Structures are given as C-alpha cells and as structure tokens.
Number of protein chains: 2
Amino acid sequence: MSSTATMFFEFASTYSYIAAMRAPSAAAEAGVTLRHRPFLLGPVFAALNGVASSPFTTQPLRGRYMWRDMERLCEKHGLAFRKPSTFPRGSLVAARVACLGEGDAWLPSFVQSVYVASFAEDRDIADAGVVKELLESLRLDASAILEAASTQPVKDRLRAHTDEAIRIGIFGAPTFVVGEELFWGQDRMDDALAFAARSSDAR
Amino acid sequence: MSSTATMFFEFASTYSYIAAMRAPSAAAEAGVTLRHRPFLLGPVFAALNGVASSPFTTQPLRGRYMWRDMERLCEKHGLAFRKPSTFPRGSLVAARVACLGEGDAWLPSFVQSVYVASFAEDRDIADAGVVKELLESLRLDASAILEAASTQPVKDRLRAHTDEAIRIGIFGAPTFVVGEELFWGQDRMDDALAFAARSSDAR
C-alpha cells in the first residue's frame, strides 16, 4: 500500500513554484501518492507574526537574496524563471479553482500552469481572466469551473485548508506533510518523499 | 587554480553544526578551498530586526520545527545529536579562538569539536573551561591559545568579520560566500561548492 505526502502550497509563494513543478514526478519515482493542498499564507503569517505580509517584502535583504536564490535554483532544476513585476500576487481565484479540482486528474497540470504563468511568464494570476485562459489551454470548461470555484462550499474548503495549516503548525510554503511530520521548503521535498516511502515499507 | 568558498558560521547556530561537520570533506571532494569565517549572529539579527534574538526563540513554532528538522537531518547525515539544555549558547570565547586559528591546520578540527560538544554532548561551550578542555583534547597549548584569543587584535577581528557579514547582506548562519554570491543554509552548501568549482573551471 502506497504512502501519502500532502503538499501544502500557495500560488504566491516563489519556492512553491519549484516544488509544484518537481513534486509529481518525484513522488511517482518514490512510489508515494502526492496530494495537493492549496492554502493561503496571509492568515498563516498573521497568526504567526500579527502581520499578513511575506518576510520577503518586510525584510528587503531577505527578498533580494530570495530572488537570486530562485534564479539559481530554477537554473539548476531546468525551470524557466522571470522575476514577476508584482510580488506577491493575489492567489485567491487560483487557490479556489485548485480546491475545486482536488482529486481530479487535471489538478497537477493546472497548478503547474498557474506557477509557470506567474514565475516564468510574468502574467497576473490574480486576474480571473488569466486563470480562465489557463483552464482553457488545458481544454477544460473554464467558465463552469470558475463559476463552481466561487461557490460557498469551495470558499469554505480553502478556509478549512488554511485553518488546518495553522492548526498543524505550518509557517511557510511549500510544506510537505507526512503523517505527523512537517517538511518545510522545496529543499525538504526529497526528504519528505523518502520519509513517506519508508513509512510505507514499515507497515 | 582552486576556487575558494568562505563559510560564515556561528557556534550558537544549529544548522552551522551540520555545515561545519560536512564542509571540509565536501569541499575537498569538490576541489574547492574552504575558508572558515567565525562571526556573531546577535549583531546581524539586531541590524536586521532591531532585536538580537534568534527567530527560533522569538517564534516558538519555528523553534519546535527546527529541533525536529535537526534530528532528522543529523540522522540523515550520520551525525550525533542531542538537543542542548540551553539555547542559544554564548559563543564569544569559542568564536575568538576560531578567529585566532584562522589559516591554521587545527582550526577545522577545533570548530567541529566545539559543535560536537554543544549539539551532540550538551556541554556548555560558553564556559571557557569547556573550550580549554576541547583545545587540550586536540593536544594544543590551551592556555596560550585562550590568552592570545582574548587580546584586542583578535576581538577586533571577530568584530570585523561580523561587520563584514552585515555589509555583504548575510542574515543567517551558516552562509557560504563565493565571490559576490551568498548561499544561505547548510542545505545550500553543495550548491555553493559546485558554484565555486565551476567558477574555477571558467578561469
């Protein structure tokens, strides 16, 4: 029986881009089931620091480092990268669509298309029109999906994911959750998958 | 001609333990000259946040995560680990001894012995008597070294290293510096060494 790793991700998060692009194939290779879990970092930062802002905007030094780090990491992993003209970008529409798509086969591709739009093509993913185009490019019924994604049950699901993130002690994105264990950062993804694979073997 | 990577480290820093244990052999394997550069994080945090405290003590959530992360990483790298009964520990005496030893053959071993004492054996490295025992265990003239390490030129050197760290934009430890590039964290060590090796090839 395969073990599961849950990837908590936020579309505004730079390092989540790298994780989202690499996770599906890395999980398959490790024999681990990958579950995508969209959430919002704003409420998490607010619960942690009293301010809903990213440390990359409140601490310019860390912001500058992060952009250079992203350039180097994307080059290392063969991912296109262009520093977005706006940061962070509003992720609410895309996150709700991702909540709607949980468990559906199109979700991983949609997630990757949003990240590529934001971090490789400098497109404004906060704009529902851009999200619609991304859904259309995946040959999905974009209008129906966007309408369903704006209903109360989907809004509630995103809020529940964010509350869950706060409850289990998540403080940044991406975070991989395997059982009770948290693995924070794209640089812990391989460790998380190996941990999940070992947990599965031990059963 | 070999390229150089400079490891800025702080004896109070947990993740610097992993870097200090792994860096000498990893650098040798990469064909890169490793330079140890002790500094103090307190003034760096004060310059960054206005408070000289570690985020691991001001944010308990991040502190708890860090300890579990350290356990897992030490297990992964085959390093002994015991959560210190005091954190962070005063690093001034050991850092001054490390400044004195810069360029000397005994420095990497001394650095490792301090980290092992603090993070594997729960010994109080803030105590000059403990530092003296560590120097003696390396068959060094402990009294002479401790006396020389408390002279003004050595104090000034540690201050200069800390000022340099702030000037070049360091915000945490360990940080590897290769030319103008910063690589923050033990999880960027291999990237830093690969970068240094490539820079050397390109000459």
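**Close-up views of a predicted two-chain model**

**View 1. A salt bridge between A:Glu164 and A:Arg37.** A:Glu164 and A:Arg37 form a salt bridge, with their closest N and O atoms 2.8 Å apart. The term means a side-chain nitrogen of Lys or Arg within 4 Å of a carboxyl oxygen of Asp or Glu. A:Glu164 lies in helix 9 (residues 152–167) of chain A and A:Arg37 in strand 2 of chain A, so the pair ties together parts that are 127 residues apart in sequence. Over all chains, the structure holds 28 salt bridges. Helices (H or I, at least four residues) and strands (E, at least two) are DSSP runs, numbered from the N terminus. The model is predicted: local features need pLDDT of at least 70, side-chain atom pairs count only at pLDDT 80 or more, and totals for chains, interfaces and linings use all residues. Residues are numbered from 1 along each chain as its sequence is written, chains are lettered from A and ligands numbered from 1 in the order in which they are written, and side-chain values use heavy atoms, with hydrogens and water left out.

**View 2. The sheet of chain A.** Four strands make an open sheet in the order 2-1-3-4, and the pairing is mixed. Two strands pair if DSSP finds at least two bridges between them. Strand 2 (32–38) and strand 4 (181–184) of chain A are the edge strands, each pairing on one side only. From one strand to the next, the twist averages 25°. Axes here are lines fitted to C-alpha atoms, for helices over the stretch in contact, and angles run from 0 to 180 degrees between N-to-C directions. Strand 3 (residues 175–178) of chain A pairs with strand 4 of chain A over four bridges, in the antiparallel sense. A:Glu181 in strand 4 of chain A stands opposite A:Val178. Helix 1 (residues 14–30) of chain A lies across strand 1 (3–9), strand 2 and strand 3 of chain A. Helix 1 of chain A runs at about 155° to strand 2 of chain A.

View 3. The open sheet of chain B has four strands in the order 2-1-3-4, with mixed pairing. Neighbouring strands are turned by 25° against each other on average, direction ignored. Helix 1 (residues 14–30) of chain B packs on this sheet and touches strand 1 (3–9), strand 2 and strand 3 of chain B. Contact means heavy atoms within 4.5 Å. The direction of helix 1 of chain B makes about 155° with that of strand 2 of chain B. Strand 3 (residues 175–178) and strand 4 of chain B run antiparallel, joined by four bridges. B:Val177 has B:Leu182 as its bridge partner, and B:Phe176 stands opposite B:Phe183.

**View 4. Helix 5 against helix 8 in chain A.** Helix 5 (residues 92–100) and helix 8 (residues 142–149) of chain A pack at an angle of about 95°, their axes 9 Å apart. The two helices of chain A are therefore roughly perpendicular to each other. Angles under 35 degrees count as roughly parallel, over 145 as roughly antiparallel, 65 to 115 as roughly perpendicular and the rest as oblique. From helix 5 of chain A come A:Val93, A:Arg96, A:Val97 and A:Leu100; they meet A:Ile145, A:Leu146, A:Ala148 and A:Ala149 in helix 8 of chain A. The contact residues divide into seven nonpolar, no polar and one charged. Ala, Val, Leu, Ile, Met, Phe, Trp, Tyr, Cys and Pro count as nonpolar, Asp, Glu, Lys and Arg as charged, and the others, Gly among them, as polar.

**View 5. The interface of chain A and chain B.** Chain A gives 24 residues to the contact and chain B gives 24 residues. Between them the chains bury about 2100 Å², 49% of it on carbon and sulfur atoms. Buried area is the accessible area (1.4 Å probe) that two parts lose on being put together, summed over both. The rule finds 10 salt bridges across this interface. B:Glu181 and A:Arg68 meet in a salt bridge through their side chains (2.9 Å, N to O).

**View 6. Backbone details in loops.** The peptide bond from A:Ala173 to A:Pro174 is cis, with omega near 0°. A:Pro174 sits in the loop between helix 9 and strand 3 of chain A. The bond from B:Phe87 to B:Pro88 is also cis.
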